[in-house]
Amino acid sequence: MTAGTALLVGGTGEVGRTLRPALERAGWAVRVLSRTAGPEPGRVVGDLATGSGLEAAVRGVDAVVHLASDARHLRAVDVEGTGRLLEAARGAGVGHVLLLSIVGCDAVPIAYYRAKVAAEQQVLADPAGSVLRATQFHSLALRLAEGATRGPIVLAPRGLRAAPVDVDDLPDRLVDALAADRRGRAPDLGGPEVVDLGDLAVRWAVARGRRRPLVVRLPAVGRALGAFASGANLPAAGAERGTRTVEAFMTERLAGS
């Protein structure tokens, strides 16, 4: 698909703020869908939870990048909202709807991931739909590490690992996926390394000048933790990889604190 007009749904979030300039550099004119009005050019008001403003937002659009999610209203926004967006896009003749999803969402039985699967199914059933799955972001991995190091002991379920990807590694992959003629599942995107979350918590504590905590390994109890411990959230062979490491992200985070 040649560059035209792209609508970013969830374009004011962490990924959207980095994706917009990447799309513009690639020649796209960009609109940003938001529930509230704003001063930046191209911002349009609409709401996935109600459908308000969606028809107007997609009018004249060549492609949609769907980044929006709301953990508090999964049914209304992630599931039903995706259906509303697809219906509006079909009515407007949009040629490509690209959904950003999560590696392993179909294997981890938690509500947020189930909502992502439901959104994926709708997008992949649409002739214009495609899905790009990415692993968890560095920012999430560090939030987990921060929460685990509030005391002298880190309680870490055995086998919990991640291949966190940097948000800045996503835009070029999304731009490429949007430009591709291919629909369906794009290759997954993971970070450049697999890290043990208990070890990451220790590294983060030491990097902040704190005493090295003791790591106590616990069984990964329950279906959700068991899925993570089995590596369901890790990129499979053939996945594409970002380049920015956790170490580089931690260094930058500490320098800015």
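Analyst: Start with exposure. Buried means under 20% relative accessible area, exposed means over 50%, and partly exposed lies in between (1.4 Å probe, protein chains only). This is a predicted model, where local features need pLDDT of at least 70, side-chain atom pairs count only at pLDDT 80 or more, and totals for chains, interfaces and linings use all residues. Residues are numbered from 1 along each chain as its sequence is written, and side-chain values use heavy atoms, with hydrogens and water left out.

User: Why is Glu-40 called partly exposed?

Analyst: Its relative accessible area is 26%. That value falls between 20% and 50%, so Glu-40 is partly exposed. Arg-43, at 22%, gets that label too.

User: What makes Glu-40 and Arg-43 a salt bridge?

Analyst: A salt bridge needs a side-chain nitrogen of Lys or Arg within 4 Å of a carboxyl oxygen of Asp or Glu. Here the N to O distance is 2.8 Å, so the pair qualifies. Side chains of opposite charge can pair when their charged atoms come close. The structure holds 16 salt bridges.

User: How do you know that Arg-133 and Asp-106 form a salt bridge?

Analyst: Their N to O distance is 3.3 Å, so the pair is within the 4 Å limit. Arg-133 lies in strand E6 (residues 129–134), while Asp-106 sits in the loop between strand E5 (96–102) and helix H4 (111–124). The pair therefore ties together parts that are 27 residues apart in sequence. Helices (H or I, at least four residues) and strands (E, at least two) are DSSP runs, numbered from the N terminus.

User: Are Arg-133 and Asp-106 buried or exposed?

Analyst: Arg-133 has a relative accessible area of 5%, so it is buried. Asp-106 stands at 53%, so it is exposed.

User: What makes Asp-188 and Arg-185 a salt bridge?

Analyst: The N to O distance is 2.9 Å, so the pair meets the cut-off. Asp-188 is buried at 13%, whereas Arg-185 is partly exposed at 32%. Elsewhere, salt bridges that share partners join Asp-106, Glu-120 and Arg-133 into one network.

User: Why is helix H6 called largely enclosed?

Analyst: Helix H6 covers residues 170–179, and seven of its 10 residues are buried, so the rest of the structure largely encloses it. Among the buried ones are Leu-170, Arg-173 and Leu-178.
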